[in-house]
Amino acid sequence: MTEETPGFDEKPDVPSGATPDDAAESAESSEKEGPAAPAGDAAMIVGLTAQLDQVRTALNERTADLQRLQAEYQNYRRRVERDRITVKEIATASLLTELLPVLDDIGRARDHGELVGGFKSVAESLETAAAKMGLQQFGKEGEPFDPTIHEALMHSYAPDVAETTCVAVLQPGYRIGERTIRPARVAVAEPQPGATPKDETATDEESGGPEEG
């Protein structure tokens with residue numbers, strides 16, 4: 001059994017035959033290996049930076065996709081709402097068009113003084129309901145003829161008009177908003193060929209007529 005001699009520190013193993021210089025070089029090599037850790041950290045930072053760039057690129061792509069989907073959805077909602085309103089207007093116009101003959105009968109009865117009693121109450125309720133649905137009546141005597149909203153059923157000449165004029169409304173026109181569902185059917189009169197317009201005649205009379213030479 002071997003006993004350790006007290007008072008002696010253990011020394012690192014040195015190969016047999018090594019000189020003191022060899023031991024010093026070994027110690028210096030150990031000291032140089034220490035700073036190798038920061039190089040590994042730098043490589044890790046580079047790798048993490050590359051991963052972060054990839055994540056940012058993917059995030060930007062997904063954000064662009066989301067924005068595009070949101071824009072498409074908003075366009076879809078607007079298109080659906082526009083189609084819904086159009087379908088409603090078409091259905092309303094179709095219904096009111098079927099009621100126009102009834103409204104014409106009510107108008108003729110009113111002109112002849114036959115709109116009395118219970119029939120008057122029902123007729124007025126029907127007209128009120130049609131107005132709430134957006135039905136508007138148009139067409140008046142004396143207004144200029146407009147082929148986009150008037151349908152001329154009768155034609156004549158008159159000396160007291162300066163332009164083609166509606167002189168009688170045979171059937172009123174009806175519209176819903178900007179949509180005309182029936183033009184006003186009218187009788188029109190044009191200025192008499194060769195006739196002097198009223199305003200020029202009045203001017204000549206006021207000035208005492210043409211001067212004599």
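Is Glu127 buried, partly exposed or exposed? At 25% relative accessibility, Glu127 counts as partly exposed (buried is under 20% relative accessible area, exposed over 50%, partly exposed in between, with a 1.4 Å probe and protein chains only).

The legends describe a predicted model, in which local features need pLDDT of at least 70 and side-chain atom pairs count only at pLDDT 80 or more, while totals for chains, interfaces and linings use all residues. Residues are numbered from 1 along each chain as its sequence is written, and side-chain values use heavy atoms, with hydrogens and water left out.

**Figure 1. Salt bridge between Glu127 and Arg110.** The closest N and O atoms of this pair are 2.9 Å apart; a salt bridge here is a side-chain nitrogen of Lys or Arg within 4 Å of a carboxyl oxygen of Asp or Glu. Glu127 in helix 3 (residues 117-132) and Arg110 in helix 2 are 17 residues apart, and the pair links distant parts of the chain. Helices (H or I, at least four residues) and strands (E, at least two) are DSSP runs, numbered from the N terminus. Arg110 is partly exposed, at a relative accessible area of 39%. A search of the whole structure gives eight salt bridges.

**Figure 2. Salt bridge between Asp104 and Arg182.** The two side chains meet at 2.7 Å, N to O. Asp104 lies in helix 2 and Arg182 in strand 5 (residues 179-182), so the pair ties together parts that are 78 residues apart in sequence. Asp104 is buried, with a relative accessible area of 8%, and Arg182 also counts as buried, at 8% relative accessibility. Leaving out residues up to four places away in sequence, Asp104 touches Gln171, Pro172, Tyr174 and Arg182 (contact means heavy atoms within 4.5 Å).

**Figure 3. Salt bridge between Asp65 and Arg68 within helix 2.** The N to O distance is 2.5 Å. The residues are three apart, about one turn of the helix. Asp65 has a relative accessible area of 30% and is partly exposed; Arg68, at 44%, is partly exposed.

**Figure 4. The largest nonpolar core.** Twelve residues make up this core, among them Ala93, Leu96, Leu100, Leu135, Tyr174, Ile176 and Ile181. A nonpolar core is a set of buried Ala, Val, Leu, Ile, Met, Phe, Trp, Tyr and Cys residues joined through side-chain atoms within 4.5 Å. Helix 2, helix 3 and strand 4 (173-176) each supply at least two of its residues, and helix 2 gives the most, with five. Ile181 touches residues including Ala93, Leu96, Thr97, Leu100 and Leu135, not counting those up to four places away in sequence. A second, separate core of five residues includes Phe138, Ala184, Val186 and Val188.

**Figure 5. An open sheet of three strands in the order 2-6-3.** The pairing is mixed, where two strands pair if DSSP finds at least two bridges between them. Strand 2 (150-158) and strand 3 (165-171) are the edge strands, each pairing on one side only. Strand 2 and strand 6 (residues 184-191) pair in the parallel sense over eight bridges, and Ser156 stands opposite Ala189 in strand 6.

**Figure 6. Residues 201-213, with pLDDT below 50.** This stretch has two contacts in the model beyond near neighbours in sequence. The chain averages a pLDDT (the predictor's confidence in each residue, from 0 to 100) of 81, and 73% of the residues score at least 70.
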